[in-house]
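Reader: I have a model open on my screen and some labels I'd like to understand. Can you walk me through them?

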Amino acid sequence: MSQAIRFDRSSAVTGPVAVDLPEPPGSWVLSESPALSSAGQPIQTSAILTCWSQLLTEPPVKGGSAGFGPLGACLAPQNLHVAITYQPADRYWPLQWTETALYSSPRCSPPPASGAPGDRG
């Protein structure tokens, strides 16, 4: 099934819309926002339902992408986007070596024991 056809993976009928987008291959996704409007605000499910209602009662709007069709044309004026923060796959080993270097540096070692307990030396 195309990602465009399976648009909304939100479990609730209200609230922000979560979009199921493919991740870059091999990437480590750190965060993913809900669908955002051009103002950076999460789009509510009611906006999608409004477009669906218009599609059922009015002639379809021309345009939209092949995957989204008339629904995409109805939502296009809102300039929807999703903010994804991720580390690409080619950074895996450099991150691993950096982490290893940090954890094995002398500054990360515990301080040496300072004698016997109770010794006020």
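This is a predicted model: local features need pLDDT of at least 70, side-chain atom pairs count only at pLDDT 80 or more; totals for chains, interfaces and linings use all residues.

Reader: Why is I84 called partly exposed?

Author: Its relative accessibility is 31%. Buried means under 20% and exposed means over 50%, with partly exposed in between, so I84 counts as partly exposed. Together with L21 and Y86, I84 makes a nonpolar surface patch of about 230 Å².

Reader: And what makes S37 count as buried?

Author: S37 comes in at 15% relative accessibility, and the cut-off for buried is under 20%, so buried is the word for S37. You'll find S37 in the loop between strand 1 (28–32) and helix 1 (45–57). Leaving aside neighbours within four places in sequence, S37 touches Q78, N79, L80 and H81.

Reader: On to the rings. How many aromatic pairs are there?

Author: The structure has 2 of them. In one, the ring centres of Y92 and W93 are 5.0 Å apart and the planes are at 85°. Planes over 60 degrees apart count as edge-to-face, so that's the name for the Y92 and W93 pair.

Reader: Why is the pair of W93 and W97 called tilted, then?

Author: Their centres are 6.4 Å apart, within the 6.5 Å limit for a pair.

Notes: Residues are numbered from 1 along each chain as its sequence is written. Side-chain values use heavy atoms; hydrogens and water are left out. Patches are made of residues with over 30% relative accessible area and no salt bridge: like charges are joined within 9 Å, nonpolar side chains (Val, Leu, Ile, Met, Phe, Trp, Tyr) within 5 Å. Accessible areas come from the Shrake-Rupley method with a 1.4 Å probe; for residues, only the protein chains shown count as cover. A salt bridge is a side-chain nitrogen of Lys or Arg within 4 Å of a carboxyl oxygen of Asp or Glu. Buried means under 20% relative accessible area, exposed over 50%, partly exposed in between (1.4 Å probe, protein chains only). Helices (H or I, at least four residues) and strands (E, at least two) are DSSP runs, numbered from the N terminus. Contact means heavy atoms within 4.5 Å. Rings of Phe, Tyr and Trp (its six-membered ring) pair if their centres lie within 6.5 Å; planes under 30 degrees apart count as stacked, over 60 as edge-to-face and the rest as tilted.
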